[in-house]
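Dear colleague,

Please find below the structure that I am handing over to you. My findings follow it.

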Amino acid sequence: MFKVGFRCGALLIAVYLPCIGICAAPAHGQANKSPVAPNTARVEAAVREAYEKYRNDTNGKNADYIPYLAQVDSKLFGVAVVTTDNQVFEIGDVKYSFSIQSISKVYTLALAMEELGHDRVFERIGSEPTGRAFNSVTAVVEMPTHTGNAFVNAGAIATTSLISGKNEDEKWNKILDFYSKVAGEKLVLIDEVYKSEAATNAGNKALSMLLAKYERIYADPFESVDIYTKQCSVGVNATQLARMGAVLADNGKNPATGEQVIKVEDVPFILSTMTMAGLYDSSGAWAWHVGLPAKSGVGGGIVAIVPGKGAIAVFAPRLDDAGNSVKAQEVIEYVADKLAFNLFSPSSVGLK
Ligand code: DON
């Protein structure tokens, strides 16, 4: 038995049934309906099959370099899909709030582009895959840009340092408010995660000082690491994460609130960076096998975007060696394959 939510607009009726929940009612009318919105029954079937197929997989292990993450229940498993016409599919532990971790980097990049424009962000951060681990020091030393891209730790800390504000609190609150707008509801910091990570983030502090040496960090290095650590400690559940993904699928508009939260022109920059670096040094394998822009976090979440159609978010804490949730990758690959979502395949736009 698992929890099922039938979600329509703001109303959630929770019951316990061995099936998944669907809401077929778009929040903002048929005028918003994407011409490529996916078929409800097919999405439901694919998500259910994937959930059943992988629910007992015990491969991988929780991240443990952040002590809090090591003690999260490894059996937790939730899958949520939010479509551009605001249908919501949920199965499993979709209400458990886990730390967003590196998935936050997607939305800080969006906010930085909102404030500075995409050209200046590109010039200050860059968008090259590093081919190395997400916390690599070597990449900072060896890459011509030093920052690499906005999704490795060094580039992400530098991106956070671009966010303006009178002081640390103002910058942090601006980031949290922006994430909440994207999620369509108030998000909060998981204080225990923040404390656990702040006590063990010497590596990120070292990266920030190295960036300072190369003049590739744009505010006080340790202040930037602290704000970055807070952004990684924001709690989201699978449904909130799927909605944050659906915003990118819907050209920057939140399909639940109707609010344009990310500029239309910035969306391709975000999705291309997700394709090249969203799963770190296994992003190439991911593009090969799945063909969808996605972003992972060591908290166990992955969100994948199907432009024009929606987003799928999976939470399962056990990670592979690159730091990506094993079950989340399996489920997303299964669903993408079943529904011909691979963007590099002309079949994704209906070519037979
Ligand atoms: O800075 C860190 O190491 C973590 N706060 C985030 C890393 C992360 O999520 C990488 N993910 N796959």
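The buried residues of helix α3 are S104, K105, V106, Y107, T108, L109, A110, L111, A112, M113 and L116, where buried means under 20% relative accessible area with a 1.4 Å probe, protein chains only. Thus 11 of the 13 residues of α3 are buried, and the helix is mostly covered. Helices are DSSP runs of H or I of at least four residues, numbered from the N terminus. This is a predicted model, in which local features need pLDDT of at least 70, side-chain atom pairs count only at pLDDT 80 or more, and totals for chains, interfaces and linings use all residues. Residues are numbered from 1 along each chain as its sequence is written, and side-chain values use heavy atoms, with hydrogens and water left out.

Just after α3, G117 adopts a positive phi of about 90 degrees.

The axes (lines fitted to C-alpha atoms over the stretch in contact, with angles from 0 to 180 degrees between N-to-C directions) of α6, residues 153–161, and α9, residues 202–213, come within 9 Å and cross at roughly 70 degrees. The two helices therefore count as roughly perpendicular, a term for angles of 65 to 115 degrees. On the α6 side, N153, A154, I157 and A158 make the contact, and on the α9 side N204, L207, S208 and L211; contact means heavy atoms within 4.5 Å.

S161 also belongs to α6. This residue counts as buried because its relative accessibility is 5%. Beyond its neighbours within four places in sequence, S161 is in contact with I217, Y218, A219 and S224.

Yours sincerely

Terms used. Parallel < 35°, antiparallel > 145°, perpendicular 65-115°, else oblique. Buried < 20%, exposed > 50% of the residue type's maximum accessible area, 1.4 Å probe, protein only.
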